[in-house]
Amino acid sequence: MPSIGDKLSGGTFFYSGATGGLIAANNDLPGSYYWGCYKTGITGTSTDVGTGQANTNLIITGCTTNVSIAANMCNNAVIDGYSDWYLPSKDELNYMYQQKSVIGDFSSIDNYWSSSQYTPECAWMQYFGSGVQSEKGDKDQLYKVRPIRTY
């Protein structure tokens, strides 16, 4: 198993758990994105580590009206030849925050989307200046996105 901070497979290794590890892209996707599906519930998303990929798939399947949303942008990203990126869950995003100095190149004045819905109007986000996570991220707000992939 690689060590935290190792550069490999298109990004930086930032989490190791019983079922494997997680790699963060070395840069945010350019611009900012809506979570999408404002006032539309996406049933089944979770906040747990290991659920970001499933959450991303649920968002893509349930939110077909706008293709330029955070989940689609991560899903469609090709970084260093890897195309299996997804939007991190709330807990995965928090591990990214905890390792932000190792991963690098985060904005310290912006919010980042997770793939974890809270209500049909809101999803979990995290402010990378202080690490505060909030369920009050209106899905129709523009926030930064950093894709991850499973190792």
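Student: What is the torsion about the S-S bond of Cys 37 and Cys 63?

Tutor: About 140 degrees, so the disulfide is right-handed. A disulfide here is a pair of cysteine sulfur atoms within 2.5 Å. The model is predicted: local features need pLDDT of at least 70, side-chain atom pairs count only at pLDDT 80 or more, and totals for chains, interfaces and linings use all residues. Residues are numbered from 1 along each chain as its sequence is written, and side-chain values use heavy atoms, with hydrogens and water left out.

Student: How far apart are the sulfur atoms of Cys 37 and Cys 63?

Tutor: They are 2.0 Å apart. The pair links distant parts of the chain, 26 residues apart: Cys 37 is in the loop between E3 and helix H1 (52-62), and Cys 63 is in the loop between H1 and H2. Helices (H or I, at least four residues) and strands (E, at least two) are DSSP runs, numbered from the N terminus.

Student: Is Cys 63 buried or exposed?

Tutor: Cys 63 is buried, at a relative accessible area of 1%. Cys 37 is buried too, at 11% relative accessibility. Buried means under 20% relative accessible area, exposed means over 50%, and partly exposed is in between (1.4 Å probe, protein chains only).

Student: Changing topic. Which residues of the largest nonpolar core touch the most other members?

Tutor: Trp 35, Ile 59, Leu 87, Trp 113 and Val 145, out of 24 residues. Strand E3 (20-25), helix H2 (70-76) and strand E5 (122-127) are the elements that give two or more residues to this core. The largest share, 3 residues, comes from H2. A nonpolar core is a set of buried Ala, Val, Leu, Ile, Met, Phe, Trp, Tyr and Cys residues joined through side-chain atoms within 4.5 Å.

Student: How many residues are in the second core?

Tutor: The second, separate core has 13 residues, including Ala 24, Tyr 86, Met 96 and Phe 128. Ala 24 lies in strand E3 and is buried, at 0% relative accessibility. Leaving out residues up to four places away in sequence, Ala 24 touches several residues, among them Phe 14, Trp 85, Met 96 and Ile 103. Contact means heavy atoms within 4.5 Å.

Student: How many residues of E4 are buried?

Tutor: 7 of the 7, so E4 is largely enclosed by the rest of the structure. Asn 111, Trp 113, Ser 115 and Gln 117 are buried on one side, and Tyr 112, Ser 114 and Ser 116 on the other.

Student: How many bridges join E4 to E5?

Tutor: There are 4, and the strands run antiparallel. Gln 117 has Ala 123 in E5 as its bridge partner. A hairpin of 4 residues joins E4 to E5. Two strands pair if DSSP finds at least two bridges between them.

Student: What is the order of the open sheet?

Tutor: E1-E2-E3-E7, 4 strands with antiparallel pairing. Strand E1 (7-8) and E7 are the edge strands, each pairing on one side only. Between strand E2 (residues 11-17) and E3 there are 6 bridges, and Phe 13 stands opposite Ile 23 in E3.

Student: Back to E7. Is Arg 149 buried or exposed?

Tutor: Arg 149 is buried, at 7% relative accessible area. Arg 149 sits in strand E7 (residues 148-150). Its side chain makes a polar contact with the side chain of Asp 84 at 2.6 Å. A polar contact is a pair of N or O atoms within 3.5 Å; within protein, one must be able to donate a hydrogen and the other to accept it, and residues adjacent in sequence count only if both atoms are side-chain atoms.
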